[in-house]
Structures are given as C-alpha cells and as structure tokens.
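Welcome! Take a moment to look over the sequence and the structure below, and then we can walk through some of the contacts together.

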Amino acid sequence: MEKVQLIGADLAAMQELMSTLKEPPFRAKQVMQWIYQRGRFDFQQMGNLPKTLRDKLDGAASIVLPRITARRLSQDGTQKYLLELADGATIETVLIPEGSRRTLCVSSQVGCAMDCRFCATGAQGFERNLTVGEMVGQVLAVQKDSQEKITNIVLMGMGEPLANYEQVMGAVRLWNDPLGLGIAARRLTISTCGLVPGIRRLSREGLQVVLAVSLHAPNDDLRNHIMPINRRYNLTQLMEACREYVEATNRRITFEYALMQGFNDSPEHARQLAQLIKGILCHVNLIPLNPVDGHGWTSPTKRQVLLFQEELARHNIEATVRAARGADIEAACGQLKSRLGGKEVGHEHSS
Ligand code: SAH
C-alpha cells in the first residue's frame, strides 16, 4: 500500500487516517502538533503517542520534506534555498530576516507561465503546480534548517499563486490554522501579476490575508510590453477588480512597482500611476529592478527612485522603497535556479 504523505494534511485528512488506523480522532490533533508546531518528523519521537500507534504510522504514513540541495547566505542576512521535490523538480525559497521578523518567500509553482519580461522565472517556462504539502513543506524545511520560526510568508517565489488557486488556498489555511503553523492571516501575502478572476474569487474567501498586485507600469501600452497577462486582463479590468476587492474585504492592497531605468521611472509615469490607483485603499512598494542576465533592463539611480516617490507623495500616494536584498546571492526571482540549474547542484552537495 502506498504510504500517505502527512505534510499538507489538514485536520479532516488526519482524522480520516486515524479512522483507517482504528484510532480515536483526538490523535489527529496530536500528530498535527508534532509536525506543524514542534517540527518533529519521526513518528517514534512523538512521545505522547502509544508505541502501537507510532508503529502503525510508520507502516501507513510518511513525512517527507523537500530536500535542501543548495543554501546561500547573503551579506545582508538573506538566505536563499534551492529545494528538490520528490519528483526531482527544483524550486527556490528565500528567508528574509528583518528585526524580529522571519519572512519566507515561498514558491507556488515549478516555473511560471506568465512570462513577465523582466523576471528570471518567466524565462524558464512552466513545469507544474505545487501541492499544498510542497508549499507547507518549504516552510517546515527552512524552519528545521534555520532553527527559527517563520513569522511571515509571502507567495513571491517562483510561480503565479492565483494560477494554482486551490492548492495555494489549502496552504494558506494550513499556515493560518492554529493546529497548523498558526501564523496570523495578516502575515500572509498573496502576490499576483493580475489574474482578475482569481482576485474576485479571493475577495469572497473572507480571509484577512494581504493581497499584493504586481503593477510595474502605469498604462496599458507599457504594461503590454513587459507583462503578457495585460493583454488578457487590461488595467481597466484589473483596477476594477482591485476596487471590488477593497470594497469586499476592507483590506488595503499592496501595489508592487519595479522601477526600470528609462522605461517606467519618470515623474510623468509616477503621475499616471497616481491617477490609475486614485481612490483605492492601497500602499505602493517601489522596487528598483533586480537586473536579470540577458533581459537588458537595469535599475534607476537612487535619485530617480526618490523623484518618483516624491511625485507620488505629491498626489497623496504613500510609497515605500524596498531595499533590494540578497542581490549578491542572486536572491531575486528565479536567479539562483537559472544560474545553477537543479541537478548539478544536487551532485555538488552529495559528493
Ligand atoms: N507571480 C506573482 C508572484 C511572484 S514574483 C506576481 O507576479 O506577483 C514576486 C514579485 O517579484 C512580483 O512583483 C514580480 O513582478 C517581481 N519581480 C520579478 N522579477 C523581478 C526583477 N527582476 N526585479 C524586481 N522584481 C521582480
């Protein structure tokens, strides 16, 4: 019989397992606590379970974490992981410490189909969706390795979360569940390139998660250039969905805007951006572009960034400039995997 993989299992799945094993349902919570809260992945170490149950679990279930095949520490403390999944696929996860926060940037897909022109993951194409267990597993693997609790999660690794809607919601629920990792919903961020139906659906979930929308351009002309998704859902449709989202959830939206020199970084672009998002409860994150090999885009000067921010401020738009972190370890958006590839790194480490 195929063993049940328990990473990713919620209370219902755990109770079902207990019922197949002819065990009382309360055991489900105990096993969840060991896995998600105490980070124990060996049934024999689950001290409050009777020996008979531990042995039954050994026979019927398994706890398999993604395997860490490469780990790189940036001078600013950012730690980038390359993880190998059960089928050999590789993904990235980035740990970003900041004061008392431990933010983990998690992947939702192997590769990505959205093909944003400035993004390294986009250039790799799409392989497959990640499962709930593979997304939750990223968090557990990094917690185990770093010996630190993750406090915040951003779905800003590889992939488009809203193109893997069901599995992403399953992971979000388990991260949030007090029997799971118990992370407050407000500390969970879902980032999208603008899948309008997904945004609408998310607005009806009744979740307190943060929605981040990758805008990166103030008009359809420019956005069509860098984000193919804009040809499917243009800025008018996207902004309408964003307004509805705020209306339905009362939650502030985060707009991501990567500044690319000479392309979208002038004060005039800032004015257009202010006009576009006027009246939407939101916050703007300005990110100087992380240049990706072969794409030709570069980041603007500090002065250009400040001028852009000041122009937004003049229109009463609050914006923060996000420090580019982990640049020395290719921590931006698919860079480590593009550079090192999956298999080669595995060999490097096993030798
Ligand atoms: N697919 C989702 C989440 C993954 S990417 C989305 O599009 O939002 C997380 C963020 O990094 C997005 O805002 C994305 O546009 C941005 N990004 C991708 N490549 C980048 C680069 N080279 N420099 C700066 N930001 C980049």
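Predicted model: local features only at pLDDT ≥ 70, side-chain atom pairs only at ≥ 80, totals over all residues.

What does E84 pair with? Its side chain meets that of R67 in a salt bridge, with N and O 3.3 Å apart. The two residues sit in distant parts of the chain, 17 residues apart: R67 belongs to strand β3 (residues 67–73) and E84 to strand β4 (residues 79–84).

Next, have a look at D87 and R128, whose side chains form a salt bridge at 2.8 Å, N to O. D87 lies in the loop between β4 and β5 (90–98), while R128 is in strand β8 (residues 126–129), so this pair ties together parts that are 41 residues apart in sequence. D87 is exposed, at 51% relative accessible area, and R128 is partly exposed, at 22%.

Helices can be linked as well. R200 and E240 make a salt bridge in which the closest N and O atoms are 3.5 Å apart. R200 is found in helix α7 (residues 196–203) and E240 in helix α10 (residues 235–249), so that pair links distant parts of the chain, 40 residues apart. Both residues are partly exposed: R200 has a relative accessible area of 25%, and E240 has 44%.

## The wider count

How many salt bridges does the structure hold? There are 16. Some of them share partners, and in this way E268, R271, E311 and R314 are joined into one network.

Now step back to the domains. The domain assignment gives domain 1 (4–62) and domain 2 (67–346). Their centres, taken over C-alpha atoms, are 34 Å apart. In the contact, domain 1 takes part with 11 residues and domain 2 with 13 residues.

About 960 Å² is buried between domain 1 and domain 2, and carbon and sulfur atoms give 70% of that area. How many salt bridges cross the interface of domain 1 and domain 2? The rule finds zero. On the side of domain 1 that touches domain 2, helix α2 (residues 26–37) gives the most, with five residues. The residues of that side of domain 1 divide into seven nonpolar, two polar and two charged.

Terms used. Residues numbered from 1 in each chain as written. Heavy atoms only, no water. Domains from an automatic or database assignment. Contact = heavy atoms within 4.5 Å. Buried area = accessible area lost by both parts, 1.4 Å probe. Salt bridge = Lys/Arg side-chain N within 4 Å of Asp/Glu carboxyl O. Helix = DSSP H or I, 4+ residues; strand = E, 2+ residues; numbered from the N terminus. Nonpolar A, V, L, I, M, F, W, Y, C, P; charged D, E, K, R; others polar. Buried < 20%, exposed > 50% of the residue type's maximum accessible area, 1.4 Å probe, protein only.
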